[in-house]
Amino acid sequence: MAKKKLKIGTRASQLALWQANWVRQQLENRYPDLEVELVKIKTQGDKILDVPLAMVGGKGLFVKEIEEAMLRGEVDIAVHSMKDVPTVFPDGLDLRCITAREDVRDICILKPGYKSFRDLPPGARIGTSSLRRKAQLLQLRPDFRMVDIRGNVETRIRKLTEEDLDAVVLAAAGMKRLGFAEQISEYLPVDISLPAIGQGALGLESRIDDDETNALIDFFNEPATAAAVTAERALLARLEGGCQVPIAAYATVEGQTMTLRGLVASVDGAEVIRGEISGPSGEATRLGTALADDLILRGAGRILNEVYGTETFQPDREDV
């Protein structure tokens, strides 16, 4: 093998390092002569911890600085949580692989004494930083009081006690990867909390012209997950989604058939527009775009226009 060393750019959070170390281990197991180094990079999203992401705005809060390091040649690949990855890449970079998914569901950790999420008392205080989760949970229980919490997984779990919360809601994938599965009180079905786009999957980003590195990492790509996440991201791209509006999507693949569910909601959860589409898994991008157009037509366009302050989303019925 000509290339003896490969550098992985990663955030320094506990979960990001777990993910990057997992990729490193897979590479070293497959290529015993390859030396893999982790390069920790602090992103804008890591620096701003006292403001909800929806107020920070912008896209790529957790990837931009890593991409810049890759373009400078300081790292060879980046390992991302797919839910953090924008749908547009800088010139010269692209998403090379999407790994098999961990559990896509959201979970809750309940205050001691509570047995079920549905049995929480009126006005229960729920900790989450996600507009997507807030909107869906407020649709289920408008009486909930949503409390913004940021930080790594351990910090958010700790805030259950520190901020006198009745429950915190997190992603199952992070809990399982970090060994906290035993602390999960309840898994939330996707009909209650539809996941974030790409939730549970990892993405490997690289330089398009780095053929040697790309050949090394191609084995990480899992076709069914890649197709599913491609459909979800096509929906997100059509909706121009960022951190300011609750958008969710989840695709499953059985055989050659894909089923994609998606939603757009008002921030307060008073209005949630849901939709579903099925078709050939080889047409992932078309399915994602078609479902987005259907959601726009049925009311999501008005929600998006209000949030973005535009009149962009006015599709013709013939376009859907």
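**Close-up views of a predicted model**

**View A. Asp191 is paired with Arg261 in a salt bridge.** At 52% relative accessibility, Asp191 counts as exposed (exposed means over 50% relative accessible area, buried under 20% and partly exposed in between, with a 1.4 Å probe and protein chains only). This is a predicted model, in which local features need pLDDT of at least 70 and side-chain atom pairs count only at pLDDT 80 or more, while totals for chains, interfaces and linings use all residues. Residues are numbered from 1 along each chain as its sequence is written, and side-chain values use heavy atoms, with hydrogens and water left out. Arg261, the partner of Asp191, lies 3.8 Å away, N to O (a salt bridge is a side-chain nitrogen of Lys or Arg within 4 Å of a carboxyl oxygen of Asp or Glu). The two residues are 70 apart in the chain and link distant parts of it: Arg261 belongs to strand β12 (residues 257-265), and Asp191 to the loop between β9 (186-188) and β10 (202-207). Helices (H or I, at least four residues) and strands (E, at least two) are DSSP runs, numbered from the N terminus. Arg261 is partly exposed, at 28%.

**View B. Asp143 and Arg141 form a salt bridge.** The N to O distance in this pair is 2.8 Å. Asp143 is partly exposed, at 31% relative accessibility, whereas Arg141 is buried, at 15%. In general, side chains of opposite charge can pair when their charged atoms come close. The model contains 22 salt bridges by the stated rule.

**View C. Asp294 and Arg298 pair within helix α10.** Their closest N and O atoms are 3.0 Å apart. Because the two residues stand four places apart in α10 (residues 284-308), about one helical turn separates them. Asp294 is partly exposed, with a relative accessible area of 24%, and Arg298 is also partly exposed, at 40%.

**View D. The largest nonpolar core has 26 residues.** A nonpolar core is a set of buried Ala, Val, Leu, Ile, Met, Phe, Trp, Tyr and Cys residues joined through side-chain atoms within 4.5 Å. Leu235, Leu239, Ile247, Val264 and Leu304 have the most contacts inside this core. Two or more residues come from each of α9 (223-238), β11 (247-254), β12, β13 (272-280) and α10; the greatest share, nine residues, is given by α10. Leaving aside residues up to four places away in sequence, Leu239 touches Ile247, Val264, Ala292, Ile296, Leu304, Tyr308 and Phe313 (contact means heavy atoms within 4.5 Å). Another core, of 17 residues, lies apart from this one and includes Tyr31, Val36, Val79 and Leu216.

**View E. Helices α9 and α10 pack against each other at about 40°.** Their axes are 7 Å apart (axes are lines fitted to C-alpha atoms, for helices over the stretch in contact, and angles run from 0 to 180 degrees between N-to-C directions). The two helices, α9 and α10, are therefore oblique to each other, since angles under 35 degrees count as roughly parallel, over 145 as roughly antiparallel, 65 to 115 as roughly perpendicular and the rest as oblique. Among the residues that make the contact are Ala227, Ala231 and Leu235 of α9, and Gly288, Ala292 and Ile296 of α10.
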